[in-house]
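Please open the structure in your viewer and keep the selection tool at hand.

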Amino acid sequence: MALNLKLSHKGLILVAIPLIFELGFVAVLYGLLNDAEREIQREARARAITKQLNRLHALLTQQVSGISAYGLIGSTGMARRYQHASDQIPPLFAELKALVADNPKEYEQVGDLEQYLQGTIQDFRQVKQMIDAGEQASARTYLNGMRSKVPLLVSKMDTLLSEESKIEESSPKIQAEARQTVKNLLIGGVIFNILLAVGLAVYFNRGTTKRLAVLMDNTYRLAVSQPLNPPLKGDDEIAHLDQVFNNMAAALAESARKERAVIENAVDVICSLDSHGRLVKISPAALNVFGYAPDELVGQSVMNLIVEEDRQSSRTAIDEIRKGKSTHPFENRVQRKDGTEVHILWSAHWSQSEQSMFCVAHDITERKRAENLLRQSEARVRTIVETMPVGLVIINQSGFIELINPATERLFSIEPEEICGEHVSVLFPRSPAKTPDGSVEDFMDDLLSKAKGHIYECDARRASGETFPVELSLNEFQALEGPRYLLIMLDISERREVERLKQEFVSMVSHELRSPLTSVQGFLTLLAEDVYGPLTETGKNKVEVAERNVTRLIKLINDLLDIDRLEAGRLKMFFQPIDVSAAIERAVEAVRVLAEQAQVTVEYPTEPYEVVADYDRLVQVVINLLANAFKFSPPSSTVKVVVSKTDKDGLDIRVVDQGVGIPNKYQKVIFERFEQVNTPDRMKKGGSGLGLAICKAIVEQHGGSIGIESEEGKGCTIWFRLPQSPPTYEAA
């Protein structure tokens with residue numbers, strides 16, 4: 001828009017030159033007219049001056065004749081005539097001075113004439129006074145003396161009159177010449193202005209035509225892809241238009257270059273087909289995809305590339321695209337020059353105006369191979385899932401079943417169509433923490449809290465209503481539809497039966513062995529005290545060894561019974577407020593002999609710490625931990641019992657030794673039954689592997705937790721935390 005509003009330099013010149021000439025012409029014409037006007041005014045002023053001088057001459061004559069007649073005949077009428085002439089002369093000189101005010105020379109002459117005439121008037125007044133006084137003779141003499149002044153005065157007037165007469169005579173001629181000059185100048189100016197306008201129009205029209213011809217030639221050159229003419233110089237609209245055209249041509253050339261670069265460097269084959277399916281143009285990518293150079297394919301039918309089995313379907317797809325019935329891509333196989341086959345995805349568009357089909361051929365061989373591998377992988381996974389002996393159930397985030405495997409069908413004696421879409425809670429008789437209203441949301445929340453990332457045991461229910469124990473594990477995964485859960489269920493009925501038989505066996509063995517062993521232990525004690533007679537030194541040693549072995553067996557049996565009772569929930573706890581420091585002191589006293597044998601010093605707190613706990617069981621826990629610490633502490637080392645309060649008014653109790661420590665791989669299982677660290681130095685120490693398991697069971701019965709902190713070679717710390725009071729105590 002700014003370009004359209006902006007005047008070009010040539011346009012300005014085309015307007016400015018005639019305008020300047022016309023302004024100059026008008027100025028000259030105005031000057032001539034002013035000169036003519038001044039000449040007219042000069043002529044009029046000369047006539048006015050002549051008129052005034054003639055009046056002045058008449059008044060002077062009237063005054064001379066009046067004073068003369070008054071002196072000769074004494075007529076009062078002549079006296080009044082003289083007086084009237086004297087009164088008219090001063091105003092007349094004032095008008096005369098105004099007329100010659102702009103001419104210093106004439107103004108000086110008028111002033112001189114006025115001064116001379118004033119002297120003459122004074123003389124006339126003197127003559128009148130003489131006449132009025134009756135001095136007729138003196139008046140005549142004085143008047144005769146004035147006769148010489150009158151001709152001089154008339155001469156001065158004649159001088160002015162002659163000059164004004166010359167002006168009156170020359171002015172008409174000057175005015176006529178001025179009028180003729182104006183006429184000639186006006187005619188010449190008009191003719192010159194016309195010629196100037198025509199000349200400028202022809203000149204600039206010729207320049208504009210040439211520049212427009214350059215633009216038209218550039219348009220043709222752009223159409224046939226030839227170099228453009230050099231840019232037009234100047235700052236007019238045509239030069240700007242040529243610059244815009246050159247910029248547009250450069251942009252089109254750059255766009256074409258980029259388009260060629262895209263086509264030439266494209267991985268996919270870009271081509272065009274005529275109405276008969278022959279290749280008209282094809283990109284260089286054909287060499288990599290089809291194995292043919294573009295020159296080898298131009299003019300060939302595209303069907304020659306397609307394998308014979310896929311030609312008919314490809315013809316159908318191309319016909320539907322040409323008729324506008326379809327715009328979907330289609331696939332086929334193309335035989336390369338080396339005989340191999342590649343899978344191609346064709347995207348095509350038919351141009352009715354150009355009667356051509358533009359195609360993009362994308363090599364999907366690798367994708368097909370990946371799809372085949374994916375299908376094979378899916379088949380393998382499906383086979384694994386269908387043959388797995390454990391039940392697999394896929395549920396959504398709300399807990400509704402979407403898929404089950406055959407093992408689940410067998411486990412619950414149910415068909416997939418009967419269970420899919422139902423809530424997972426139908427597989428269980430009840431939720432472990434189910435609310436009274438039995439809502440499925442509560443069931444799902446409880447299942448997530450118990451089984452997600454953990455192994456959880458509960459009862460399941462078959463379609464017949466029969467319940468059986470299962471082991472659950474819930475894992476979250478991301479599916480195409482969104483987050484899903486995989487519920488893994490393992491039937492542990494056989495394992496439960498084995499554990500039941502094992503527990504019965506342990507209970508039976510423990511009860512059947514503990515009574516005889518107690519009797520043997522009592523007999524050996526009496527034997528060692530020489531109740532049945534004195535023993536030799538060797539006999540005493542043998543009895544002592546036997547007594548220690550019997551004591552160890554009785555402790556093992558007691559541990560087994562404690563574990564059995566704890567797991568079965570039959571071991572009763574007697575909770576009451578106790579002083580933990582007193583319990584620790586009692587435990588230290590109980591194992592002092594072991595500490596002396598191991599040459600270990602024990603440090604423990606003496607300040608009181610009160611909690612609600614089972615005193616005897618707490619002493620048992622500390623004894624087991626201290627005995628374990630003594631067993632693996634080097635001589636002359638110190639075992640510390642450290643007690644501190646927790647944030648929730650509970651207690652944190654730690655048994656710290658300076659032994660060899662426990663490797664990381666054993667720290668997670670050290671509290672399980674019969675689990676021991678299988679290192680050579682620890683194997684020599686012996687042990688049943690039940691002490692820490694009993695400690696864990698007792699601590700958990702108190703509502704606490706137990707753990708280990710150890711670094712191999714740098715000692716070990718076993719800690720357990722007790723709440724201020726056990727949950728069961730608070731409930732009671």
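Select Arg654 and Glu709: in this predicted model, their side chains meet in a salt bridge, with 3.2 Å from N to O. The pair links distant parts of the chain, for Arg654 lies in strand E15 (residues 651-657) and Glu709 in strand E16 (residues 705-710), 55 residues apart. Glu709 has a relative accessible area of 42% and is therefore partly exposed.

Next, select Arg495 and Glu471, whose side chains form a salt bridge at 2.7 Å, N to O. Here a helix and a strand are joined: Arg495 belongs to helix H15 (residues 493-528), Glu471 to strand E9 (residues 467-479), and 24 residues separate them. Is Glu471 buried or exposed? Its relative accessibility is 16%, and because buried means under 20%, Glu471 counts as buried. Arg495, at 33% relative accessibility, counts as partly exposed.

Now move to Glu296 and Lys337, a salt bridge in which the closest N and O atoms are 3.0 Å apart. Glu296 is found in helix H9 (residues 294-297), whereas Lys337 sits in the loop between strand E3 (330-335) and strand E4 (341-351); the two are 41 residues apart and link distant parts of the chain. Glu296 counts as partly exposed at 38% relative accessibility, and Lys337 counts as partly exposed at 48%.

Finally, select Glu331, Arg367, Lys368 and Glu371 together: a network of salt bridges links these residues. How many salt bridges does the structure hold? The count is 23.

Key
Residues numbered from 1 in each chain as written. Predicted model: local features only at pLDDT ≥ 70, side-chain atom pairs only at ≥ 80, totals over all residues. Heavy atoms only, no water. Salt bridge = Lys/Arg side-chain N within 4 Å of Asp/Glu carboxyl O. Helix = DSSP H or I, 4+ residues; strand = E, 2+ residues; numbered from the N terminus. Buried < 20%, exposed > 50% of the residue type's maximum accessible area, 1.4 Å probe, protein only.
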